[in-house]
Amino acid sequence: MNSTIKDYLMLHLIVLIWGFTAILGLLISLPAIELVFYRTLIAAVGVAGLFLLKKKNLLMPFPSMIRVTGVGFVIAMHWILFFWSARVSTASVCLAGMATTSLWTAFVEPLFNRTKIKWYEVGLGLMVITGLLVIFSFESGYWLGLSMALASSFLAAVFSVLNGKLAHKHNPYQITFYEMAGACLFTILFMPIYTNFMTVDGLQLSWVGYDWFWLFILGGICTVYAFSVSVELMKRLSVFSINLTVNLEPVYGIILAVLIFGESEKMTPQFYLGTAIILVSVLTYPVLNYLNKRRKPVRPLG
């Protein structure tokens, strides 16, 4: 099998795993901030444990360590804004805003890499937004939640582009460790703001029932494994193509919800229409990218 096809299949597996995080969010009783704290803590400890078992060096040069940890701060802000958006509005508004990640990437990636904007990427990003708006039946009146989701999607584009550059310099598991440690640290620093302005109940760090089990699934499989593999894929696939495919995460999440929760999760005709729009954009990108690479500049006569 062609290595590129294998990479795209692995990418879809990772997106499917990330789609399962929505299910875990329903199964875990902890509030969003505490959930992000435990997710990043478990992920960081898990990667450190892997390095100890394999007797490999986890350290990297101090300047690189600072840069990667800083990206972890961006990831933490992205996750906090994501869950906060859903809390102050609805999951539909949040996901509709997150659909702009591929569109942001179409602008952010050329800016960071000093390359020209590919306008077909912008067009495909707009197609994805259209598809997700159809699926989630966008409602007006949630400007605060939508603004947070847009900020979260922008941060997702930024850390994806930064990871694309880091992936060529460092081991993906090293990147995962320092980013998750940085994200955990940022969450701890953010907790005083959270307790003073976002909740009246204070921090809820106690696990209830099977929370511990689902948290380890979230931190281990959905974060350590999926995050590290996604960083590895960034060595061979463009950040835009990865983020475009990641837009299938809510689609996979809804399918998994139907399989797990049954009739309580029904798919409407809008779901199928929106899914078709997203699939067309995802499948069209490799074709357009291939044609763009084969296009040769026309030489002037004479």
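The axes discussed here are lines fitted to C-alpha atoms, taken for helices over the stretch in contact, and the angles between them run from 0 to 180 degrees between N-to-C directions. In the predicted model examined here, helix α3 (residues 62-88) and helix α7 (residues 143-166) pack at an angle of about 155°, and their axes lie 8 Å apart. Because angles over 145 degrees count as roughly antiparallel, α3 is described as roughly antiparallel to α7. The crossing of these two helices, α3 and α7, is left-handed. On the side of α3, the contact is made by Val68, Val71, Val74, Ile75, Met77, His78, Leu81, Phe82, Trp84, Ser85 and Val88, while the residues contributed by α7 include Leu144, Met148, Leu155, Phe159, Asn163 and Leu166. By class, the residues of the contact of α3 with α7 divide into 18 nonpolar and 5 polar, with no charged residue.

The chain that holds this pair has 12 helices and 0 strands, and its pattern, read along the sequence, is accordingly written α-α-α-α-α-α-α-α-α-α-α-α. Of its 302 residues, 49% count as buried. Among the contacts in the chain with a separation of 6 or more, 87% are accounted for by residues 24 or more positions apart.

The residues of the contact of α2 with α9 divide into 11 nonpolar, 3 polar and 1 charged.

Attention then turns to the aromatic side chains, for which a search of the whole structure finds 8 pairs. One of these is formed by Phe177 and Tyr178, which are arranged edge-to-face with 4.9 Å from centre to centre and 80° between the planes; both Phe177 and Tyr178 are buried. Phe213 and Trp214 also form an edge-to-face pair, at 4.9 Å centre to centre and with 70° between the planes. As buried means under 20% relative accessible area and exposed means over 50%, Phe213, at 35% relative accessibility, counts as partly exposed, and Trp214, with a relative accessible area of 24%, is likewise partly exposed. Elsewhere, Phe73, Phe186 and Phe190 are linked by ring pairs into a cluster.

When its neighbours within four places in sequence are left aside, Lys165 is in contact with Phe112 and Asn113. The C-alpha atom of Lys165 is separated by 8.4 Å from that of Lys235, although these two residues are 70 residues apart along the chain.

Methods: Residues numbered from 1 in each chain as written. Heavy atoms only, no water. Nonpolar A, V, L, I, M, F, W, Y, C, P; charged D, E, K, R; others polar. Phe/Tyr/Trp six-rings, centres within 6.5 Å; stacked < 30°, edge-to-face > 60°. Buried < 20%, exposed > 50% of the residue type's maximum accessible area, 1.4 Å probe, protein only. Helix = DSSP H or I, 4+ residues; strand = E, 2+ residues; numbered from the N terminus. Contact = heavy atoms within 4.5 Å. Parallel < 35°, antiparallel > 145°, perpendicular 65-115°, else oblique. Left-handed = near helix turned anticlockwise from the far one by under 90°.
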